Amino acid sequence: MDLFFSDLLYLILFSLSLPIVILIIYSRKSSNPNLPPGSLGWPVIGETLEFALACQGGNPAKFVKDRMNKYSPQVFKTSLLEANMAVICGPSGNKFLFSNEDKLVVSWWQRSMRKILCFPSVFDETLVRDNFKPPTFLPQFLKPEALQHYIAVMDSMAGEHIKIYWSPLGEVKVFPMAKKYSFALAFQVFMSIADPQYVEMIYQPFQILTQGFLSVPIDIPGTAFNRALKASKFIHGELLEIIRKRKMELEQKGESAPRDLLSHMLSALHENGDVKSEMEISTQVICLLFATHLTTSSVITFILKYLAEFPDVYSKVLKGNT
């Protein structure tokens, strides 16, 4: 969150330097009757500062609840991270969203996320949703019978990770450790890369990249967004090298080459039969790493939290694994 506020400082300084006439024009804009009630906040920064303060206070839901009470319990408009948006609330809002996917609503990527993921850009903004659809082979890859192959790998890596990183410590901060473990596991499962030093080399810039996803998209040295762009460029460079080496392996070794997620991605085609570009595959790998990273780490953290809080359950789990 400190990185986020450093970005906001740039925005605030920039907005204060705008001519006062812009503020006057902005305040006099006629309201559109077709838009929901609400406020777009200040020029450029919108209501990003209020949202950031709510997040820093550990209660981001307060930002939504305050506006539901002030404007409407069903929908209100706001502006966050340079994007005007409508926030749909409640069960009816959820039903509307999930029953109208690709009909009345479509997936959308925030500007900073698009620039970070696609550095250099290989997707037009209007094509982002189609290009980031889950690969058609992914359901088969994640079937229980397919995942059984990785149980031994997961168990072995978990034991090794605990021995190296957890055991020497008197007190363990679970979430950071779980993130390291899940990232290393993803590299092993997705790309058959087990070298801990290489994974650690990618892990650090990956953390910088994820911090920049929801940063204000100002590319100035020192901002979280600028650091994320540099981290993205580095990670893409490493992934492209991995992809090219795997291509050579598949050509030379055929069926004896590793048959992991990366190999499946290289053999998969677009719906129109076109071969996917190396940059597109690299971007999809980063998306998969991001999607599995925090989710897996959070689950591991909460499992250990509840095992610590309920020793009777922990003793039964321990007994079942001995």
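I looked up H161 and found it buried, with a relative accessible area of 9% (buried means under 20%, exposed over 50% and partly exposed in between, with a 1.4 Å probe and protein chains only). The model is predicted: local features need pLDDT of at least 70, side-chain atom pairs count only at pLDDT 80 or more, and totals for chains, interfaces and linings use all residues. Residues are numbered from 1 along each chain as its sequence is written, and side-chain values use heavy atoms, with hydrogens and water left out.

**Entry on H161.** I placed H161 in helix α9, residues 144-166 (helices are DSSP runs of H or I with at least four residues, strands runs of E with at least two, numbered from the N terminus). Neighbours within four places in sequence aside, I recorded W166, M177, K180 and Y181 in contact with H161 (contact means heavy atoms within 4.5 Å). A polar atom of the H161 side chain lies 3.3 Å from the backbone oxygen of M177.

**Entry on α10 and α14.** I then examined helix α10 (residues 174-191) against helix α14 (residues 278-309); they pack at an angle of about 135 degrees, with axes 8 Å apart. Axes are lines fitted to C-alpha atoms, for helices over the stretch in contact, and angles run from 0 to 180 degrees between N-to-C directions. I therefore class α10 and α14 as oblique to each other (under 35 degrees is roughly parallel, over 145 roughly antiparallel, 65 to 115 roughly perpendicular, and the rest oblique). Among the α10 residues that meet α14 are F175, Y181, F187 and M191, and the α14 side includes V285, L288, H293 and L304. By class, I noted 15 nonpolar, seven polar and one charged residue in this contact of α10 with α14. Ala, Val, Leu, Ile, Met, Phe, Trp, Tyr, Cys and Pro count as nonpolar, Asp, Glu, Lys and Arg as charged, and the others, Gly among them, as polar.

**Entry on α12 and α14.** I found helix α12 (residues 224-253) packed against α14 at an angle of about 115 degrees, with axes 9 Å apart. L239, R244 and K247 are among the α12 residues in this contact, and E278, M279 and V285 are among those of α14. I noted eight nonpolar, three polar and three charged residues in the contact of α12 with α14.

**Entry on V285.** Which residues does V285 touch, not counting those up to four places away in sequence? I found M191, L239 and M265. V285 is buried, with a relative accessible area of 5%.

How values were computed. Polar contact = N/O pair within 3.5 Å; in protein donor to acceptor, adjacent residues only side chain to side chain.
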